Amino acid sequence: MLFLLLPGVVLAIADESRSAPPTGTLAHVTVSRLDPEPDAAGVIGGALDAEFAPVVGGTIHEFTPRPRWWKITADRSVSAKEHPQLVLHSPGHNTVEAWLPGSSEPVTRALLGPHADQGFSSRGLVFPIPSGLPAGTPIYVHVHSPDSTPMAVSIESLRDVHRADLSHVAWRALLLGGLALMALLALGFWVGIGERGYAYLSLSMLAQVGFFATHSGDIRRVPALAAQLGDDWRLPRLFVVAVAVFSVVFLTRYMEMRDRQPKLWNMLLGCTVLFALFALGTWLSEAYWVPVVGNLILLLGAALILVAAVHGCLQRRRSGYFVLAAWLPMMVLLIVRVGETSGLWAGPPWLMHALPGALLLAGLVFMIGLSDTLQQLRRDRDRASRLASVDVLTGAMSRPAIQNRLKACVEESHRRRIPLSVVFFDIDRFKRINDEYGHGIGDSCLKIIALRTRNRLRTYDSLGRWGGDELLVVLPDTHLEEAMGVAENLRSAVNCRPLSIDGHLFDASLSLGVAELAEGESAAQLLDRVDAALYASKAAGRDRVTGRVPVVATAEPA
Ligand SMILES: Nc1nc2c(ncn2[C@@H]2O[C@H](COP(=O)(O)OP(=O)(O)OP(=O)(O)O)[C@@H](O)[C@H]2O)c(=O)[nH]1
């Protein structure tokens, strides 16, 4: 059975793709099928040989759960000296009884259960042909294929079988180990960061490992687990359903499809539910069309994800690029593999590992994609907090930011017993500038004055816009006399030369108040005093600095 889907599709096809006979076979084989179901004696005696019909492609592929007889012949004689082995590739949950030349008893093999032969890898079922195989001499095999898994047939030397087994085991270890490791990593990220997307990604990858292990018989390397899960052919379908559900939950969440692509989201959910129903429906019906329809629904789901990714890319969303990068290679390889398994063309041998490799790559891309999303969120948050702490018009600190700064400086001054002064200033007759030249010029005037004054401050001084045309300067580690000098400096920075804005030239000046923090004084009390100093400057005729000497505080410190 060709069990298709997103990653599930890939997994299934990747497994079945191994059905292509390997290079290095000892002879070309012809595979024939017998439709009736007679006794073994009637078949192995050769009386029914004429009724066997050759199949194209040399693959045993059975679409009914009923056991069937097959005949395998070689086009040339294979000597016993070559240690020939009959290999049935990627058998899944098929059970095979084989009558080999020179033996009257059948040999039964399956990847899982009592007939498993642990002497070979899960690449295929291997039957030794100790007495060799003369050209045209039939090997009869009786195949029970509960899930319609196709098996390519080849006759290989024992040396080639071992060599291919070693390579197969290495690739499986890399693949399953890589997926399991990535799933654990994703789980770790979820626990550490709390982003649920990692949990869904991890579950999807664990389900992929489960599928590989149960569909291809690798689970037999862990006997306790194999005994627990048994060799039920329907188990991989449960894993594929899990892969589909977790992949869809992960992808729709990652691409925010619910909010951004609600129609596609609804269709995808519909596909997933339908697919799950059809996959689970194989428990109730053995009809061939049930998994076939399930696979078609699954393919539709895969195509919908591709559409969503392309749509995301067109909207210049980063998640779209990541999904496309992970999905497109898988889809291309999938199509190549489908064509290959359908007999349309033959791809290079490395394609067998390319699909699972693409799956691993997709997992990696999604891990990076999730980190990228988190990074983006952090950047957005930093930007928002930066914006909140900066006054957009003047570039000075915002009122909450300068308030916090003042509070922190007051606390530090009291703790470390160091001086602190503040300067509070206001543009003189700013209303008149607004009225005469308009608000736009007024804004520019505010901007220029903030810039001129900021340039006269030290790096550890802070300038913030208190509101309207009022600005507050916090001068840490500064006594009143020094602060008076700074205030004079600020005043002259503005009235030293006229402002030139949009062709208008006009004078501007500041009125400033200065105050030094007194012992035990709170930030609010200090502000009251500096405000009074500013008011005094205004009252005395503007364009001047008034200093307030420290007073003994009566209230609790802030
Ligand atoms: N262009 C502009 N004007 C503003 C802004 N915020 C406040 N204002 C104006 O600034 C003026 C402040 O006026 P006041 O401080 O009350 O008085 P003043 O004209 O500066 O006179 P004195 O302070 O007494 O010298 C008001 O007309 C406000 O509308 C702003 O962001 N842009």
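This is a predicted model: local features need pLDDT of at least 70, side-chain atom pairs count only at pLDDT 80 or more; totals for chains, interfaces and linings use all residues.

Visitor: Let's start with α15. What span should its 16 residues have?

Guide: Helix α15 covers residues 480–495, and at 1.5 Å a residue it should span 22 Å, which agrees with its end C-alpha atoms being 22 Å apart. The expected span is 1.5 Å times one less than the number of residues, and helices (H or I, at least four residues) and strands (E, at least two) are DSSP runs numbered from the N terminus.

Visitor: Which residues of α15 are buried?

Guide: They are A483, V486, A487, L490, R491 and V494, where buried means that 20 or more other C-beta atoms lie within 10 Å of the residue's own, exposed means 12 or fewer, and partly exposed is in between, with C-beta atoms placed from the backbone. Seen down the axis of α15, these buried residues fall within an arc of 140 degrees (taken from the directions from the helix axis to the C-beta atoms), so they line one face of the helix.

Visitor: And what do they pack against?

Guide: The buried residues of α15 pack against β12 (420–427), α14 (439–454), β14 (470–476), β17 (510–516) and β18 (545–548), with contact meaning that two C-beta atoms, placed from the backbone, lie within 7 Å.

Visitor: Changing topic, what is the strand order in the open sheet of six strands?

Guide: The order is β3-β2-β5-β10-β7-β8, with antiparallel pairing, and two strands count as paired if DSSP finds at least two bridges between them. The edge strands, β3 (53–54) and β8 (107–110), each pair on one side only.

Visitor: How many bridges are there between β7 and β8?

Guide: Strand β7, residues 95–99, pairs with β8 over four bridges in the antiparallel sense, and A98 has V107 as its bridge partner in β8.

Visitor: What about β9, how many of its five residues are buried?

Guide: Four of the five residues of β9 (residues 124–128) are buried, so this strand is largely enclosed by the rest of the structure. Strand β6 (residues 84–89) runs antiparallel to β9 and is joined to it by five bridges, with H89 having G124 as its bridge partner in β9.

Visitor: Which residues come nearest to the ligand?

Guide: Of the 17 residues around the ligand, F430, K431, H439, G442 and G468 come nearest, where a residue is near if its C-beta atom, placed from the backbone, lies within 6 Å. The elements giving two or more residues to this shell are β12, α13 (430–437) and α14.

Visitor: Now S413, is that buried or exposed?

Guide: S413 is buried, with 20 other C-beta atoms within 10 Å, and it lies in helix α12, residues 399–416. Not counting residues up to four places away in sequence, S413 touches I418, P419, L420 and L517.

Visitor: And R417, where does that lie?

Guide: R417 lies in the loop between α12 and β12, and it has a positive phi of about 55 degrees although it is not a glycine. R417 is exposed, with 8 other C-beta atoms within 10 Å.

Key. Residues are numbered from 1 along each chain as its sequence is written.
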